[in-house]
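Work through the exercises below with the sequence and the 3D structure at hand. Each task is followed by its solution.

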Amino acid sequence: MAKAPDRITIRRPDDWHLHLRDGTMLAAVLPETAGHFGRAIIMPNLVPPVVTGAEAAAYRDRIRAALPDGAAFEPLMTLYLTEATDAADVAAAARSGLVRAVKLYPAGATTNSASGVRDFDKVRGVLEKMAEVGLPLCVHGEVTDPAVDIFDREAVFIDRVLDPIRRATPGLRVVMEHITTTEGTDYVRAGGPDIAATITTHHLVINRNHILAGGIRPHYYCLPVAKRETHRQALRRAATGGEASFFLGTDSAPHVDAAKETACGCAGCFTAPNTLSILAHVFEEEGALDRLEGFTSLNGPAFYRLPANEDQITLARSESPVCYPAKLETGVGPVTIFDPGFPLHWAPI
Ligand code: DOR
Ligand code: ZN
């Protein structure tokens, strides 16, 4: 048998779904992504949200100002879709290259989604304009109906919301964000070239038992919540199988420990520091290290119609485990770094 590689060189990865927050937190977490990734799609769920082109430009300036000296990282901005969003503003922000996607949060679905969409008819004009100019819609795909079980909310969203929107808006390009179910992978596979999906690092690693069995683990709680093991296996097949419609969106979402370890904890896993180590581990386990580059560095740019990064990074495998700190100190409190629950041997060099 051929010896397993102990180095792998790939085009520099991009993160197609990232939360950077703002202010002190932004300054603390940004270097964790900018050190290894070329670009990231920046989520707009600030308080207040990033709704207009002018707000996206100002947020981009704050991100650039927070970059470590010499970092070549490029933030790819998004707009937060509200029922009052102005289609002409969206089109202008897209045409100028400022904005690369619009984010749809069903109102109440997750962190800072209160300004999201309740009545999908009210955003029809914006969606039609987006289809016309080719601007992708990034979708948080969960219904908010309290009568729907939290573990079913993604599957129900596809039937009740996403499929009707796509049928009503031919040509609309959609990224189903952070898919967590076989229904999600099946829907994307059947959907043709106008739909793709991001998959997070943590959903490749944990299932719902990790959150709930043997004690409640708030640092594994995120939205969409991790599902049962069969779904995790489906996500692994989608991520490592070489299909162009699946690519990395970490959904790295920092919250200070005080906001996670409480009676009503926030959703979000902070994976930016060790994501590439974990992904190399997962792809090696699946016998698919040769497909890591497609997932992290090629499929995403192809869908977003951007060139892949020109430069490369190398990941090396060491015999002794790579140690990451348990927490990142941020200036507003510690943020726990996602613990995959197994030793990591791969790391970027
Ligand atoms: O786990 C999550 N955290 N899911 C989301 O959709 C939002 C995110 C956040 O902003 O914390
Ligand atoms: Zn997110």
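**Exercise 1.** How many residues surround ligand 1, and which are the closest?

Solution. This is a predicted model, where local features need pLDDT of at least 70, side-chain atom pairs count only at pLDDT 80 or more, and totals for chains, interfaces and linings use all residues. Residues are numbered from 1 along each chain as its sequence is written, chains are lettered from A and ligands numbered from 1 in the order in which they are written, and side-chain values use heavy atoms, leaving out hydrogens and water.

Step 1: 13 residues surround ligand 1 (a heavy atom within 4 Å).
Step 2: the closest are R21, N45, L223, H255 and A267.

**Exercise 2.** Which protein atoms are donors of the zinc ion (ligand 2), and how are the donor residues spaced in sequence?

Solution. Step 1: take N, O and S atoms within 2.8 Å of the metal (3.2 Å for Na, K and Ca); water is not among the atoms, so the site may look incomplete.
Step 1: the protein donors are H17 (NE2), H19 (NE2) and D251 (OD), lying 2.1 Å from the zinc ion.
Step 2: the spacing is H-x1-H-x231-D.
Step 3: H19, in the loop between β2 (15-18) and α1 (23-34), and D251, in the loop between β9 (246-248) and α9 (257-260), are 232 residues apart (helices are DSSP runs of H or I, at least four residues, and strands of E, at least two, numbered from the N terminus).
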